Amino acid sequence: MKDKRTVLLTGAAGAVGRVLRDGLKPDYSLRLTDIRELGEPGPGEEAQAADLSDAEAVYRLAEGVDAIVHMGGVLGAVRENGKMVGESCWEDVLRSNIMGTYNVFEAARRAGVKRVVYASSIHAHGYYRRSTRVGLDSPPRPDTRYGLSKAFGEAAGRYFADKYGLQVVALRIATFKHRPTLMRDLGTWISPGDMVELVRCSLEYPDTHFDVLWGVSNNTRSLYDNPNARRYGYFPKDDSEQYRAELLKDPAAADSNEFERLFHAAHLAASEWAGDVSKIT
Ligand SMILES: NC(=O)c1ccc[n+]([C@@H]2O[C@H](COP(=O)([O-])OP(=O)(O)OC[C@H]3O[C@@H](n4cnc5c(N)ncnc54)[C@H](O)[C@@H]3O)[C@@H](O)[C@H]2O)c1
């Protein structure tokens, strides 16, 4: 029997990380890491807490693994009791997302790890209007300090691929949820099952230099063209449309205002806003 490849999974205690931990376990040995409690490692798992901004710790984590799935970092919104109360501060974004992501790529380079699958985000392009198809080569248009860090992450991935020969797959995840809960999720949702499949395809596709794939399900009302998905063998199974009728009846699922509906940034569009909508065409 062929030995399983070992994958380092950062952010393993997070929402996506927990789903990937379960979903990838049958096919890979997993080295799990997070700054938070990871629980007891099961068969085929190792767990090691670390702060991604600690370069030496990240270098140690990467030793002896075949690939890295980098999900760790802070999100764009700060929430209290489920409600957004602001956006992540610069210090957290700098430490966890910018230094953390640089450390992950540098660790891969030092340890000779061939492939890194990187969790990017729609928020690197959040101030494009929803009426615009954001292309894989569209210049970044970040909506937050978080979105800025994801634009950095994609650029870092390309840099490490071009300069050092790393194989990098950046996944522009739109809305990861167990099911869509808002009308606007209909265009952006990725289901847990499709998320696992997307990461599996990103680990297995043989001929990668630097590629970007949208992290979305097979949504009828998709806002994104995903030209690399088919090539990678990613054929998502879920479609948000099955929830539409239910969402239409739910007042809590409606867009909160026209401004949020305008941009891909959605709930983060209005955060700290002092811009001019007419200038963002
Ligand atoms: N959930 C979404 O809809 C969505 C959308 C776009 C992109 N993404 C990206 O996907 C990835 C996973 O998202 P998620 O929803 O699971 O987020 P999450 O917040 O649930 O998980 C992220 C994990 O990273 C860990 N982390 C943060 N800072 C760290 C540090 N300095 N050192 C070590 N660990 C640290 C956190 O403890 C957390 O467990 C993130 O990079 C996120 O930006 C998610």
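1. Two strands pair if DSSP finds at least two bridges between them. Helices (H or I, at least four residues) and strands (E, at least two) are themselves DSSP runs, numbered from the N terminus.

2. A note on the source. This is a predicted model, in which local features need pLDDT of at least 70 and side-chain atom pairs count only at pLDDT 80 or more, while totals for chains, interfaces and linings use all residues. Residues are numbered from 1 along each chain as its sequence is written, and side-chain values use heavy atoms, with hydrogens and water left out.

3. The sheet. Seven strands form an open sheet with parallel pairing, in the order β3-β2-β1-β4-β7-β8-β11. Because β3 (45-47) and β11 (210-215) stand at the edges with a single partner strand each, one side of each has no neighbour in the sheet. On average, neighbouring strands of this sheet are turned by 20 degrees against each other, direction ignored. For such angles, axes are lines fitted to C-alpha atoms, for helices over the stretch in contact, and angles run from 0 to 180 degrees between N-to-C directions.

4. Strand β7. Which strands pair with β7, and over how many bridges? Strand β4 (residues 67-70) is joined to β7 by four bridges, and the two run parallel. Here Ala67 has Arg115 of β7 as its bridge partner. Strand β8 (residues 167-173) also pairs with β7 in the parallel sense, over seven bridges. Ser120 stands opposite Arg172 in β8.

5. Burial of β7. Buried means under 20% relative accessible area, exposed over 50%, and partly exposed in between (1.4 Å probe, protein chains only). Seven of the seven residues of β7 (residues 115-121) are buried, so the strand is largely enclosed by the rest of the structure. Arg115, Val117, Ala119 and Ser121 point one way from β7, and Val116, Tyr118 and Ser120 point the other way; all are buried.

6. Helix α2. Five residues of α2 (residues 55-62) can be listed as buried: Ala57, Val58, Tyr59, Leu61 and Ala62. An α-helix has 3.6 residues a turn, so residues three or four places apart point the same way. The elements covering the buried residues of α2 include β1 (5-10), β2 (28-33), β4 and α3 (90-111). Contact here means heavy atoms within 4.5 Å. After α2 comes Gly64, whose phi is positive, near 80 degrees.

7. The ligand. A residue is near a molecule or strand if one of its heavy atoms lies within 4 Å of it. Of the 25 residues around the ligand, those that come nearest are Ala15, Val16, Asp34, Leu52 and Tyr146. A polar contact is a pair of N or O atoms within 3.5 Å; within protein, one must be able to donate a hydrogen and the other to accept it, and residues adjacent in sequence count only if both atoms are side-chain atoms. An oxygen atom of the ligand lies 3.2 Å from a polar backbone atom of Gly14, and an oxygen atom of the ligand lies 3.1 Å from a polar backbone atom of Gly73. In the side chain of Lys150, an N or O atom is 3.0 Å from an oxygen atom of the ligand.

8. Positive phi. Most residues other than glycine have a negative phi. Asn81, in the loop between β5 (77-80) and β6 (83-87), has a positive phi near 50 degrees. Ala266, in the segment after α8 (258-262), has a positive phi of about 50 degrees. Are these residues buried or exposed? Asn81 is exposed, with a relative accessible area of 83%, whereas Ala266 counts as buried at 7% relative accessibility.

9. Asn219 lies in the loop between β11 and α6, and Ser240 in the loop between α6 (227-231) and α7 (244-248). Asn219 is buried, with a relative accessible area of 6%, and Ser240 counts as buried at 0%. Leaving aside neighbours within four places in sequence, Ser240 is in contact with residues including Asn219 and Trp189. A polar atom of the Asn219 side chain lies 2.9 Å from the backbone oxygen of Trp189.
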